[in-house]
Amino acid sequence: MLKRRVNKLAEAGVRAEYLCSSDVLVKEPAVMVEKEGGAAFLPDDCQLDARRAVAFIRKANKAFASEGRYAEFFNDPATLLLRSGNTGEIEAVKTSKNILYGKKAFVVAAGCWSGSLMNDLLRNSDVVVDVPVKPRKFYLEEAWFKFETCWSKGLESQCRNDSWKGHLLVLENFNLLRLKHGLMEVGYTNHEVIAQHTMSSVSRDQGQALSISMTATTDTVGNLVLGSSRQFAGFDTNVDEYILDHIWERATVFFPSLKDLSLNDFTGSREVRVGLRPYMPDGKPLIGPVPGFSNLLLATGHEGGGLSMALGTAEMVVDMVLGNMGKVDYSPFSVQGRCG
């Protein structure tokens, strides 16, 4: 399977190389790979620090504030879309404190809150748009962009959308294991499913099992960052120690040097990040005009690939608004036919 994936990547113009187990150990000595195992190595891929990337984008956007092209409104939620009595087009967004007018278009890009926000914004409209995006909890590093190295029984490069609840485990200044590359278990795209434990009632009602697969990297300041879990748990962002234990247990399968260590030894030097990702049932984001409105667009459902696809999504939206010829086929991401 992994060899076929490498061949497909190569055919698409991506530099990719299949590594046998001995070559894997040369690249990443800390990883345990069975004799018949291997890896997909993508030398041109890189990792993105999510927090720094967001800060950079925000700083760049603020440069347009003096021209009246950018503004931020905190603690001022949008409550309603106001339509023109003459044309029926959206002409403004009403917030709790302001009425914000727009000229060309309005874009709803609220992640896993997009569905509920659309319901609120259109509550006075005769148009019903049921956005099927739902939150998926994850204990996973927000900083993954692409992965430089991946192992079969082992890892595979995959920039994937997921919007679930999940956890990310960060062990600060961890010197007992140093990785040279970002690593992802090939099973990340086909998660190992663990029998359900005592989850929230939302998870049980939805019948969704917890899934765990290994991701690992050493960040720029020497922290060991481990993931990952995926779980439907509504909008719950509480930390679940059971899941952290399984993330650690899964990591020990690939890194034997961790087997003699207990996660309890690092309670004072760890950080846990929990987040929600906007999950779409068909795995493709919603990007495009909302049926019934000529100047209202949706951009949501990117799951875990939201940051890495943000600028491309913005370019697509701009082309749609301005009527430019698109660089890609928009139809797979269309809102039409995918929302009730």
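Val317 counts as buried because its relative accessibility is 9%, where buried means under 20% relative accessible area, exposed means over 50%, and partly exposed covers what lies in between, all with a 1.4 Å probe and protein chains only. This residue belongs to helix H7, which spans residues 306-322; helices (H or I, at least four residues) and strands (E, at least two) are DSSP runs, numbered from the N terminus. The model is predicted, so local features need pLDDT of at least 70 and side-chain atom pairs count only at pLDDT 80 or more, while totals for chains, interfaces and linings use all residues. Residues are numbered from 1 along each chain as its sequence is written, and side-chain values use heavy atoms, with hydrogens and water left out.

Once its neighbours within four places in sequence are set aside, Val317 is in contact with Val107, Ile287, Leu297 and Ala299, contact meaning heavy atoms within 4.5 Å.

From the helix we can turn to the strands. Strand S1 (residues 17-20) and S2 pair in the antiparallel sense over four bridges, where two strands pair if DSSP finds at least two bridges between them. Within this pairing, Cys20 stands opposite Gly38 in S2. In a regular strand the side chains alternate between the two faces of the sheet. Strand S2 (residues 38-41) is covered on both faces, with Gly38 and Ala40 buried on one side and Ala39 and Phe41 buried on the other.

Another group of strands forms an open sheet of three, in the order S3-S4-S5, with antiparallel pairing. Its edge strands are S3 (78-83) and S5 (99-101), each of which pairs on one side only. The twist from one strand to the next averages 25°, taken between axes that are lines fitted to C-alpha atoms (for helices over the stretch in contact), with angles running from 0 to 180 degrees between N-to-C directions. Strand S4 (residues 90-95) is joined to S5 by three bridges, and Val93 has Leu100 of S5 as its bridge partner.

In one of them the side chains of Asp44 and Arg15 meet, at 2.7 Å from N to O. Asp44 lies in the loop between S2 and helix H3 (50-62) and Arg15 in the loop between helix H1 (2-11) and S1, so the pair ties together parts that are 29 residues apart in sequence. Asp44 is exposed, with a relative accessible area of 52%, whereas Arg15, at 49%, counts as partly exposed.

Finally, the whole protein chain can be described. Its secondary structure comes to seven helices and 16 strands, and 44% of its 340 residues count as buried. Among contacts between residues at least 6 apart in sequence, 71% join residues at least 24 apart.

Terms used: A salt bridge is a side-chain nitrogen of Lys or Arg within 4 Å of a carboxyl oxygen of Asp or Glu.
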